[in-house]
Amino acid sequence: MIKQLEVDGVPAVLAPVTGEMHAGLVFRVGVADEPLVRRGITHLVEHLAVYGLGEIGAHTHSTTGVEHTYFHVRGSAAHISTFLNRVCSALRDLPAGRIDAEKDVLRAESAGRTLEPRSMWRHGARDYGMPSFGERGLNGLTSEDLHTWIAQFFTRENAALWVAGDEVPPGLRLNLPEGVRQPAPVPSSALPVTPAWFAAHSSGVAWDTVVRREARAAAFANVLDRRLTRELTTFQTHTEYEPRASRNARITAVAEAAPEHHAAVLAGLTGVLDAMRNGRIEVSDVSTVVEDTCAGLRHAEVRGRRLPGQAFNVLAGRGVRGVDEAIAEVQAITVDDVAEVAAAAYESSLLMTPAGTTAGPAGYVAAPSVSAAAVSGRTVRARRDRSSRLVHGEDGVSVVEGDAIRTVRYDSCAAVLAWPDGGRRLIGEDAIAVPVEPTRYREGAAVVAAIDARTPPALRIEMPARDPEAIPQPRRGWINRLND
């Protein structure tokens with residue numbers, strides 16, 4: 001039922017649907033494309049592109065995801081044409097007078113948002129680790145930055161259209177700038193060994209993995225969800241299957257519990273995962289998941305809900321899959337298939353345990369939270385703290401606190417947070433951070449000057465002034481003599 005065509009040079013997929021007509025324009029750009037110093041730029045472009053379009057009279061929404069940004073509209077053909085035409089027009093001529101106001105809107109949105117840390121622990125402070133970082137790049141973004149970003153990513157060649165309806169809406173004009181198709185980033189890794197674990201303050205435990213993108217991997221995620229719901233009845237659990245533009249998919253499982261139940265929920269989650277990777281999978285679970293998935297595919301086909309995924313596939317260079325082909329693949333899934341995915345999922349998994357965990361479950365290796373070595377250079381002692389020292393040299397900066405070493409090399413520095421009072425925080429591509437507070441170290445101001453001289457301005461994120469009470473000082477309980 002899905003037809004492929006082009007609209008103004010943009011590849012499109014079209015299919016008749018039961019129900020209201022809807023359509024979407026997707027671009028192959030998301031959070032994973034942003035460097036840390038520009039974190040938030042795609043979201044800002046998205047907001048500016050839809051500013052003032054609420055009066056069109058149709059149901060509209062837009063989303064910036066990890067790999068894609070899309071604009072969706074539901075309503076009459078005229079509403080769809082008007083909305084998407086105006087989005088394209090805004091991308092060519094952003095409302096520059098709204099940039100500062102939309103930055104404030106994004107800051108307000110993020111104020112109550114909790115960032116999940118697993119992406120950072122798996123990938124570091126780059127590509128697919130970006131969802132773990134707030135939109136700190138907003139402060140320094142200029143109109144020129146936005147236009148450069150649009151010229152690279154929001155182009156005709158980097159877009160796809162889906163239309164759930166009998167025909168492309170008359171009057172639809174995708175007047176987008178010319179460009180080139182942008183492939184998804186190659187996922188980096190901050191994990192030298194997997195399975196790995198780390199501890200974090202949270203309301204429970206979480207697990208994720210990266211596996212090959214295929215129907216049986218989605219089936220594994222659904223079987224896992226059934227098992228967790230059935231066997232961890234006193235806890236809130238959920239799983240998610242997230243296909244990526246590459247041939248991989250991310251699967252996450254979360255089990256929430258009160259602090260006094262953290263040990264039980266950790267044992268329960270890892271117990272289910274161990275059972276599945278060892279082949280202990282119920283035939284009834286697999287058959288139910290297969291049946292439900294096939295029914296869901298048929299329903300989605302009728303409603304046009306498969307179309308966005310097919311548009312994403314077009315952007316990734318893959319062909320459109322008919323519903324019959326998709327159903328046949330699902331119907332062929334066996335218990336052994338699910339067990340094979342479960343075993344592969346365990347091998348690449350990352351487990352987030354409750355804060356205070358001192359040892360991970362059997363088979364899991366602690367994810368690195370410190371660096372292997374300090375840089376070579378001059379050592380500066382901390383004031384009133386013999387256990388802490390800072391080392392700075394031509395190659396980077398290290399902070400040594402007892403046996404823990406944290407190093408950021410200049411050639412792998414993702415960003416430098418800079419406060420007006422002289423405080424600096426260097427963040428490495430592996431997400432390890434080195435705080436440099438001149439108030440805490442002898443000759444601290446000279447160290448900051450050396451850091452500023454060796455880090456490019458393009459890596460710098462200007463931070464707002466801190467309350468004097470928030471500026472770190474030498475250890476309490478000692479006389480604060482900053483010139484000793």
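This is a predicted model: local features need pLDDT of at least 70, side-chain atom pairs count only at pLDDT 80 or more; totals for chains, interfaces and linings use all residues.
**View 1. Strand S3 (residues 22-27) and its partners S5 and S6.** Helices (H or I, at least four residues) and strands (E, at least two) are DSSP runs, numbered from the N terminus. Two strands pair if DSSP finds at least two bridges between them. S3 pairs in the antiparallel sense with S5 (residues 69-74) over six bridges, and Val26 has Tyr70 as its bridge partner there. With S6 (residues 159-164), S3 also pairs in the antiparallel sense over six bridges. Six of the six residues of S3 are buried, so S3 is largely enclosed by the rest of the structure. Buried means under 20% relative accessible area, exposed over 50%, and partly exposed in between (1.4 Å probe, protein chains only). His22, Gly24 and Val26 cover one side, with Ala23, Leu25 and Phe27 on the other.

**View 2. Helix H1 (residues 41-50) meets helix H5 (residues 143-153).** Their axes come within 10 Å and cross at roughly 90°. Axes are lines fitted to C-alpha atoms, for helices over the stretch in contact, and angles run from 0 to 180 degrees between N-to-C directions. Look for Ile41, Thr42, Leu44, Val45 and Leu48 in H1, which meet Asp145, Leu146, Trp149 and Ile150 in H5. Here, contact means heavy atoms within 4.5 Å.

**View 3. The largest nonpolar core, with 44 residues.** Such a core is a set of buried Ala, Val, Leu, Ile, Met, Phe, Trp, Tyr and Cys residues joined through side-chain atoms within 4.5 Å. Trp207, Phe220, Leu224 and Met276 touch the most other members. H6 (215-231) is one of the elements giving two or more residues, and H6 gives the most, with eight. Not counting residues up to four places away in sequence, Phe220 touches Trp207, Ile251, Met276, Val338, Val341, Ala342 and Ala345.

**View 4. An open sheet of four strands, in the order S19-S18-S17-S20.** The pairing is mixed. S19 (433-436) and S20 (460-462) stand at the edges with a single partner strand each, so one side of each is left without a neighbour in the sheet. The twist averages 20° from one strand to the next.

Note on methods: Residues are numbered from 1 along each chain as its sequence is written. Side-chain values use heavy atoms; hydrogens and water are left out.
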